[in-house]
Amino acid sequence: MDLSDRLEPVLDSARQSAREVDADGSFPVQALDALRRSGLLGLTLPPREGGLGGGPEDLVEVLSALAAVCGSTAMVYLMHVSAAMAVAAAPPAGHPSLLPRLASDSLATLAFSEVGSRSHFWAPVSRAGREGDKIALRAAKSWVTSAGHAEVYVMSTLAPQADEGAVDLYVVLADSPGVEVAGSWRGLGLRGNASSPMRFELLAHDGDRIGEPGGGFDLMLQSVMPWFNVGNAAVSLGLAQAALDATVAHASGARFQHTGEGLADLPTIRAQLSRIALDLAMARAYVEKAARSLAAPDDSTMLHVLGVKAAANDMALRVTDTAMRVCGGAAFSEHLQLERFFRDARAGHVMAPTADVLYDFYGKAITGRELF
Ligand SMILES: Cc1cc2nc3c(=O)[nH]c(=O)nc-3n(C[C@H](O)[C@H](O)[C@H](O)COP(=O)(O)OP(=O)(O)OC[C@H]3O[C@@H](n4cnc5c(N)ncnc54)[C@H](O)[C@@H]3O)c2cc1C
């Protein structure tokens, strides 16, 4: 799919506001408006619902380009796509026009992580309760990207039925009474993505549930995690590419007047540039392989879903760390924007499933163990 006509205006808008979004910790409203106009909110949704019918490779293209100009916008967009894919997997009966809205203008996000189970997003500790024909949702969510800005929250909670560990996912509209942002957001990086805690205390209906009762765990693992992991890996690619480009440009231009040498004339500097360029190239090849595998799934797809995020997240940490080292004090100050890529890159690693949890899962998978 040729996405350049849709993507370019979004990149222009995100580029214009990226410094301000980072400096002020402001939500990237302009870039989100450009995303709405572009049709890319519906990138991966089916055409019959107003989407573009794009696949994982298209998502990688969009997210890596977006992350290279504004990490906050890219992560807000990824959370939207991840939530939209949960809805698309099992559209809730009570929201027949939700998918076309998600494809055109309504921003969505995931409210999974809870204070009680931290990064183990698959195991909410809040529990829904039956109240007549309604369902009482009560949950303290620890981090919700786009909190207070999204129109639609896809939230997880233990199901009200007897099976202790069964999880449900619900669609909660932002204007429902009992939905509130319960704190502010001040992160090391991705400072514009408003990942604040939230409180949900409301009455829902069966028609708000995504999928069958108790079907939330499978939806999270089979429908959300693949898109989220591949997309999160793409964000790491974009941040690392931007850091590499800025580093090569700086090393090529900066000179020592007293020796007449440039930074890139130093063999140690060139070797460091080579290592990060190759590190990035290998990760890119693996992300593309994982995206292709997700587009045409086979027995190896879940293994790539587990591996791709951890591999790309760690690559982005190495690349941005070396970029900071190569560019010295010029990187430590803000004018190269390298420190922004360095800070933004650290978020993907701790976003659940965290890189370290994924290494454990991958290790379980290749040694024939059950993940849970
Ligand atoms: C920028 C940002 C945006 C976010 N947006 C959202 C969002 O939109 N929706 C949402 O639901 N959540 C979101 N989160 C939350 C995120 O997904 C994690 O839940 C959160 O970062 C976990 O932080 P914690 O301190 O609770 O981690 P902890 O669970 O305390 O983990 C601490 C460390 O222990 C490691 N660890 C934990 N368990 C294991 C294990 N079994 N094996 C090996 N190592 C382990 C972790 O990898 C981590 O390094 C966001 C987080 C960030 C930083």
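This is a predicted model: local features need pLDDT of at least 70, side-chain atom pairs count only at pLDDT 80 or more; totals for chains, interfaces and linings use all residues.
The protein is divided into three parts: domain 1 spans residues 4–104, domain 2 spans 108–212 and domain 3 spans 217–366. The C-alpha centres of domain 2 and domain 3 are separated by 30 Å. These two domains also touch, for 14 residues of domain 2 are in contact with 15 residues of domain 3.

The interior may be considered next. In soluble globular proteins, nonpolar side chains tend to be buried together. Here the largest nonpolar core contains 111 residues, and the members that touch the most others are L40, Y77, L102, V154 and L338. Helix α6 is the greatest contributor to this core, giving 19 residues. Another core, of 17 residues, lies apart from it and includes V144, A147, A150 and V179.

Apart from neighbours within four places in sequence, L102 is in contact with L41, G42, L45, H80, A84, V87, A108 and V152. A103 belongs to helix α5, residues 98–104. Because its relative accessibility is 3%, A103 counts as buried. Once neighbours within four places in sequence are set aside, the contacts of A103 are G39, L41, G42, L45, E49, G50 and G51. A103 also lies 8.3 Å from L52, C-alpha to C-alpha, although 51 residues separate the two in sequence.

The buried residues are L338, E339, R340, F341, R343, D344, A345, A347, G348 and H349. Among the elements that cover them are α1 (4–24), α3 (56–69), α4 (71–89), α6, α8 and α10.

The largest pocket has a volume of about 700 Å³. Its lining comprises 32 residues, and those nearest its centre are S113, W143, V350, M351 and A352. By class, 19 residues of the lining are nonpolar, nine are polar and four are charged.

Some details of the backbone remain. A352, one of the residues nearest the centre of the pocket, is joined to P353 by a cis peptide bond with an omega of about -5 degrees. P353 is located in the loop between α9 and α10 (355–366).

Two residues other than glycine have a positive phi: R118, with a value near 50 degrees, and Q337, with a value of about 70 degrees. R118 is placed in the loop between β1 (108–111) and β2 (129–131), while Q337 is found in the loop between α8 (301–332) and α9. Is each of them buried or exposed? With a relative accessibility of 64%, R118 counts as exposed, because the threshold for that class is over 50%. Q337 has a relative accessibility of 9% and therefore counts as buried, the limit for that class being under 20%.

Technical notes:
Residues are numbered from 1 along each chain as its sequence is written. Side-chain values use heavy atoms; hydrogens and water are left out. On a 1 Å grid over the protein atoms alone, a cavity is a set of points where a 1.4 Å probe fits but cannot get out, and a pocket is an open set with protein on both sides within 12 Å along at least five of seven lines; lining residues have an atom within 4 Å of a point. Grid points are joined across faces, edges and corners, and a volume is the space filled by probe spheres set on the points. Ala, Val, Leu, Ile, Met, Phe, Trp, Tyr, Cys and Pro count as nonpolar, Asp, Glu, Lys and Arg as charged, and the others, Gly among them, as polar. A nonpolar core is a set of buried Ala, Val, Leu, Ile, Met, Phe, Trp, Tyr and Cys residues joined through side-chain atoms within 4.5 Å. Buried means under 20% relative accessible area, exposed over 50%, partly exposed in between (1.4 Å probe, protein chains only). Helices (H or I, at least four residues) and strands (E, at least two) are DSSP runs, numbered from the N terminus. Contact means heavy atoms within 4.5 Å. Domain bounds come from an automatic or database domain assignment.
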